Amino acid sequence: MSPLLEVSELSSGYGDFQALYDLSITVNEGETLAVIGANGAGKTTLLRAITGLVPTWSGTVRFDGQNLLPVPAHKRVAEGITMVPEGRLLFPSLNVRENLLVGGHGRRPGPWTVERVVEVFPLLAPLLGRASSVLSGGEQQAVAIGRALMANPRLILLDEVSLGLAPVVVRQLYAALPEITAHGATALVVEQDIGQAMAVADQVVCLLEGRVSLEGPSAGLERADITAAYFGMGHRLEAGEEGDRG
């Protein structure tokens with residue numbers, strides 16, 4: 001597989017606050033990469049930097065070999081990048097169909113239509129004319145994912161899909177991911193749920209305080225190592241050992 005997204009030595013943040021420190025990741029075309037980490041680890045900032053919603057202080061972001069830094073955020077969708085934001089952020093005054101059609105504005109050529117989205121998320125079939133503001137959390141998340149797919153992305157970024165949802169609903173949403181990637185999309189999934197991330201991902205990257213603390217194929221990572229990287233236990237242990245030696 002060839003690299004689709006290459007983030008190299010990326011530093012970024014908000015105002016005077018630095019959230020990412022020389023962070024590097026690679027997402028190969030056709031695979032699913034899960035980025036895990038606790039609150040404040042820098043996961044959402046990474047997605048926002050890729051989409052151009054926060055400034056890049058240093059480093060590079062390349063998409064299919066192209067330098068994205070000069071490309072404005074609104075034009076990155078046309079390049080093939082879409083994002084499902086944390087909290088879903090649907091348009092409450094629009095119904096489900098209208099929310100989906102908004103996602104198709106300026107779309108690339110490809111297979112995703114309202115009908116195709118409904119095939120992947122059958123729960124939306126009776127809801128197309130219903131206002132998005134009255135949907136359940138799981139229904140809203142399905143609409144948010146469908147809206148991102150309507151642009152026919154090459155890379156779809158999913159930010160905390162499971163947040164606030166019942167486990168059974170989360171499983172239903174993630175069950176659609178293989179079909180999404182089978183139709184040409186590469187997925188970068190941000191998750192706090194380690195088990196869910198490991199279940200869907202080919203590769204896993206763990207962030208800790210804006211830096212990569214662990215990365216590798218999901219099948220080759222031990223749960224104990226992931227837990228240590230997630231909570232920074234290795235760093236605390238090393239600090240404790242140095243203190244003991246002193």
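**Helix α5 and its contact with α3**

In this predicted model, helix α3 passes helix α5 in a right-handed crossing, meaning that the near helix is turned clockwise from the far one by less than a right angle. Helices here are DSSP runs of H or I with at least four residues, and strands are E runs of at least two, both numbered from the N terminus.

The contact, meaning heavy atoms within 4.5 Å, is made by Val-96, Asn-99, Leu-100 and Gly-103 of α3 and by Val-143, Gly-146 and Arg-147 of α5. By type that is 3 nonpolar, 3 polar and 1 charged; Gly counts as polar. α3 covers residues 96-103 and α5 residues 137-149, and they pack at about 30 degrees with axes 7 Å apart. Axes are lines fitted to C-alpha atoms over the stretch in contact, and angles run from 0 to 180 degrees between N-to-C directions.

Now α5 itself. Of its 13 residues, 12 are buried, that is, under 20% relative accessible area with a 1.4 Å probe, protein chains only. Val-143, Gly-146 and Arg-147 are among them. What covers the buried residues includes α3, α4, α6 and α7, as well as strands β6 and β7.

On confidence: mean pLDDT, the predictor's score from 0 to 100 for each residue, is 88, and 94% of residues reach 70 or more. Residues 235-246 fall below 50, and this stretch has 2 contacts beyond near neighbours in sequence.

Residues are numbered from 1 along each chain as its sequence is written, and side-chain values use heavy atoms, without hydrogens or water. Local features need pLDDT of at least 70, side-chain atom pairs count only at 80 or more, and totals for chains, interfaces and linings use all residues.

How values were computed:
Buried < 20%, exposed > 50% of the residue type's maximum accessible area, 1.4 Å probe, protein only.
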